[in-house]
Amino acid sequence: MFRHKLYRLDLKASPYLYVAPFFVLFLAVGMFPLVYTAWVSMHDWTLVEESHTWIGFTNYTELLKDEYFWNALSNTLQILVLSSVPQLLMAIGLAHILNMRLKGSTFWRMSVLLPNITSVVAVAIIFGQLFGRDFGLINWVLGLFDLGHIDWRTGEASSVFAISVMINWRWTGYNALIYLAAMQAVPKDLYDAASLDGATSFQQLRRITIPAIRPTIIFTVIVSTIGGMQVLAEPLVFGVGSMTGGADRQFQTIALYLYELGFSRFDFGYASAAAWMMFVIILIAAGVNYLFTRRMRGAE
Amino acid sequence: MRKAAIAASLVAAALIASGCGSGGSGEQGGKTKLTIATFGDFGYKDLYTEYMKLHPDIEVVERITKTEDHHKNLITHLAANSGASDIEAIEEGWAGQFTSQPGKFYNWMDYGGGDVKAQWPEWKWRAGSSASGVVIGLGTDVGGMAMCYRKDLFEKAGLPGDREAVSKLWPTWDDYISTGQKFMGAKLPGVTGFFDGPQVIYRSVLGQQPIGIYDGDKVVVDTNPGVKKAWDTTVKAMTVGLSAKVEAWSQDWNAGFAKGTFATIACPSWMTTIIQEQAKEHAGKWDIADIPGGTGNWGGSYLTLPKQGKNAKAAAELAKWLTAPEQQAKVFRTKGNFPSTVTLYKDAVITDYKSAFFNNAPIGQIYSKSVATMVPQFMGPKSGDINTAIINGLTRVQDGKQGADDSWAQVQKDVKALL
């Protein structure tokens with residue numbers, strides 16, 4: 001009888017024990033900082049002062065009135081759209097090509113991942129040179145065709161564009177490989193049948209591949225939304241370390257604004273409030289994108 | 001020590017300053033272990049070896065971080081009350097952040113600071129002290145101020161090239177601007193400006209004012225005519241078209257030195273090292289003249305003893321030895337960091353030193369004159385951030401995004417948000 005009880009306990013409790021390490025770790029390095037940040041955000045809390053006064057939601061109401069926060073949010077959303085959309089479209093196209101019978105397929109597949117394994121700082125420095133105003137490569141090429149110089153860093157649209165190009169460069173190949181993995185699980189006879197019916201490669205992509213890998217697409221949309229909302233290193237290095245993202249904050253993202261509040265002003269209370277706002281906004285953006293990508297299925 | 005190291009520190013800043021570092025110090029095997037945290041290149045490596053030879057019971061361990069990270073780490077370590085080294089270096093631009101919390105440091109007056117006080121000019125000593133008079137830092141190097149210029153471009157533009165004559169061209173900043181207009185009038189090929197951009201000229205003019213961002217512990221950006229003067233001078237120089245519109249420490253700025261797109265730059269002593277690195281092709285074409293408007297200072301560092309240190313006495317001895325004139329002279333000879341100890345300025349090490357890169361300009365004499373005669377300015381805890389806000393404002397004017405008045409109004413708003 002006792003053995004039987006022990007056996008049942010083992011059956012019931014063991015699975016929880018097996019997953020416990022993750023949740024313990026998550027509590028320590030995920031949940032605790034989250035809750036602690038919420039606690040800090042309710043205080044007037046600067047790093048250099050000892051006393052922390054409870055001020056409730058004042059930091060949040062201030063933040064809602066803070067035009068620099070909204071500016072940063074708008075920049076972030078622009079970068080998000082300009083990076084995620086072309087990035088995922090290009091990745092699908094790239095994966096489709098890589099999924100064909102190619103000579104040296106492993107070589108090509110590895111190559112698309114190369115930009116991703118390069119350090120973001122190295123990428124930013126190289127792109128900084130490409131987008132240089134006086135001696136940048138892109139302006140030099142434009143000059144050859146008498147198209148004039150673009151002051152990439154100063155302009156709002158041009159700087160957002162340049163940063164998005166950097167992000168696209170790094171992440172297109174990565175997403176292409178994820179799509180490729182999903183595509184290889186699509187039954188080949190579907191394509192054979194489609195070919196017999198005279199479907200072109202593009203039609204096969206639209207009618208077979210994309211519907212078949214939709215769960216993967218939803219996954220990448222959500223992951224790149226989260227990544228896009230947190231962009232920090234690219235604008236920071238692009239702006240030569242300017243925490244304000246240019247003199248006019250023309251390319252300051254929310255993460256960069258958060259960094260400025262926390263590590264330039266050392267205003268941890270306000271920065272924590274901004275961090276929580278950012279968290280909520282990311283949840284909303286990811287949720288909207290999830291519903292949107294699921295909708296695509298309903299339309300078809 | 002060097003603003004230049006900012007450029008290098010970006011790389012690390014991009015990864016977000018990780019405020020860690022074990023604060024290990026103590027006695028091991030009879031030896032006292034002293035940790036010293038610096039940034040950039042203080043040129044101390046050989047001195048540590050020498051010191052350990054002189055004091056066999058001491059072991060010196062150095063930690064070098066990039067400038068910005070170093071200071072941010074120190075701020076975090078002081079707040080957390082753990083992690084700081086026995087000796088921590090601080091740079092002038094950041095000093096106010098630390099002199100405003102003197103309780104976190106040992107007072108040098110309790111560790112024999114009074115005996116060596118006479119080595120430094122009064123202002124250098126004061127800038128390492130809190131408003132209440134607690135001395136937290138002993139001076140290492142110093143910036144000084146001069147004007148570096150391209151002698152060859154000046155001559156091509158029909159201006160005098162000789163450094164005496166050039167100094168006479170611009171007793172004031174208005175003269176500097178009108179000289180610039182003459183220079184730009186010559187329309188030399190490849191030259192896009194008389195100076196690089198707003199940051200360096202603004203900091204130089206500001207550094208000459210008796211009162212800067214702070215008056216005592218009060219921020220006076222809105223009312224202080226000195227700040228407005230630095231702003232107006234920079235705006236005027238930009239509106240008459242003298243700026244090459246490059247941002248200091250950017251890649252375009254480096255390229256500007258290499259390609260020679262601008263002909264002058266205000267020059268603290270550490271700037272000469274940057275010019276030599278970036279403008280290698282133009283050795284001998286650069287020269288150094290007096291700065292318009294008198295003298296000034298930008299940069300230079302201090303050694304402090306955080307109260308977390310357990311070996312304050314031994315650390316104080318080491319720091320005093322490192323900042324003594326003999327050691328500062330050694331550093332100047334090997335690295336070029338300009339000494340802050342005035343007693344050295346009559347020494348042949350300084351007086352006879354000429355730089356071949358700068359057309360044999362007597363660098364030692366130029367900077368010692370500048371340092372000895374300058375007016376001190378108080379740096380407060382937020383000086384750095386406030387200057388960034390003002391320089392952003394100037395950049396907006398330069399880029400045509402805002403008129404000077406609108407931009408000034410926004411600067412006032414931004415500064416208020418910082419306080």
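A polar contact is a pair of N or O atoms within 3.5 Å, and within protein one atom must be able to donate a hydrogen and the other to accept it. I note this before counting anything. The model I am looking at is predicted.

**Entry 1: polar contacts between the chains**

I looked up the polar contacts across the interface of chain A and chain B. The rule finds 13 residue pairs, with both residues at pLDDT 80 or more. I then asked which helices of chain A each supply at least two residues of the side that touches chain B. They are α3 (67-98), α5 (120-130), α11 (233-238) and α12 (254-263). α5(A) gives the most to that side, with four residues. I also sorted the side of chain A that touches chain B by class, and wrote down 16 nonpolar, 10 polar and eight charged residues.

**Entry 2: salt bridges between the chains**

How many salt bridges does the rule find across the interface of chain A and chain B? I find two. I looked up a salt bridge between Lys413(B) and Glu67(A), whose side chains meet at 2.4 Å, N to O. I checked this distance against the cut-off: a side-chain nitrogen of Lys must lie within 4 Å of a carboxyl oxygen of Glu, so the pair at 2.4 Å counts.

**Entry 3: area between the chains**

The size of an interface is often given as the accessible area lost when the parts come together. I therefore looked up that area. Chain A and chain B bury about 3,000 Å² between them, and 55% of it is on carbon and sulfur atoms. In chain A, the residues that lose the most area to chain B are Phe135(A), Val240(A) and Ala247(A). Together they make up 20% of what that side buries. For the contact itself I noted 34 residues from chain A and 39 residues from chain B.

**Entry 4: the domains of chain A**

The contact takes five residues from domain 1 of chain A and nine residues from domain 2 of chain A.

I repeated the area step here. Domain 1 and domain 2 of chain A bury about 520 Å² between them, with 68% of it on carbon and sulfur atoms.

How values were computed: Residues are numbered from 1 along each chain as its sequence is written. Chains are lettered from A and ligands numbered from 1 in the order in which they are written. This is a predicted model: local features need pLDDT of at least 70, side-chain atom pairs count only at pLDDT 80 or more; totals for chains, interfaces and linings use all residues. Side-chain values use heavy atoms; hydrogens and water are left out. Contact means heavy atoms within 4.5 Å. Buried area is the accessible area (1.4 Å probe) that two parts lose on being put together, summed over both. A polar contact is a pair of N or O atoms within 3.5 Å; within protein, one must be able to donate a hydrogen and the other to accept it, and residues adjacent in sequence count only if both atoms are side-chain atoms. Ala, Val, Leu, Ile, Met, Phe, Trp, Tyr, Cys and Pro count as nonpolar, Asp, Glu, Lys and Arg as charged, and the others, Gly among them, as polar.
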